[in-house]
Amino acid sequence: MATYKKKVKKIRYIFEYALIITIYYLVRFLPLRILFLLSDVIGTMLFLIPSIKKLCCANLRIPFPEKSEREIRNIAKSSMQNITKTPLELFWFPGRQDYLYKITNFNKEYVRQITKTSLEKGGFMWLSAHLGNWELAAFNASYPDIPVA
């Protein structure tokens, strides 16, 4: 019985791997705008699953008791859209460094200011909101050649 379960699990892993690789290569061919639209549709569909919707909204009511139910639902839906957008972006961007620099590029005045602050104060703290791609934010943080910990 145990060997049967191991075989089934191994087959499942192979199918999961094949699915992820297929999605990876399909995503690579999409224009970025279409990818964002697709991720919003998938995120919205996930949000409409009752158990996910209930959990997301319950978690948001804790830090935001003053928000209306409508605001909570909108934030939760945006969060689910972002959760689907991040891995799809990570599939899309490899090999497209020029485009990545273009969309994450700081303006020169901003780079000058954070460089000055870092040198004068011995560093600075960079904060990123929960909505957005944290991995791209980290890539962007290393762009001005200021050490990031």
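A residue is termed buried when its relative accessible area is under 20%, exposed when the area is over 50%, and partly exposed in between (1.4 Å probe, protein chains only). By this criterion, 21% of the 149 residues of the protein are buried. The structure is a predicted model, in which local features need pLDDT of at least 70 and side-chain atom pairs count only at pLDDT 80 or more, whereas totals for chains, interfaces and linings use all residues. Residues are numbered from 1 along each chain as its sequence is written, and side-chain values use heavy atoms, with hydrogens and water left out.

The protein contains 7 helices and 0 strands, where helices (H or I, at least four residues) and strands (E, at least two) are DSSP runs numbered from the N terminus. The order along the sequence is α-α-α-α-α-α-α. Of the contacts (heavy atoms within 4.5 Å) between residues at least 6 apart in sequence, 68% join residues at least 24 apart.

Helix α1 spans residues 2-29 and includes Phe 29. With a relative accessible area of 70%, Phe 29 is exposed. Its C-alpha atom is separated by 8.2 Å from that of Trp 92, which is 63 residues away along the chain.

Lys 85 belongs to helix α4 (residues 69-92). Leaving aside residues up to four places away in sequence, Lys 85 touches Phe 36, Ser 39 and Asp 40. The side chains of Lys 85 and Asp 40 are joined by a polar contact of 3.3 Å. A polar contact is a pair of N or O atoms within 3.5 Å; within protein, one must be able to donate a hydrogen and the other to accept it, and residues adjacent in sequence count only if both atoms are side-chain atoms.
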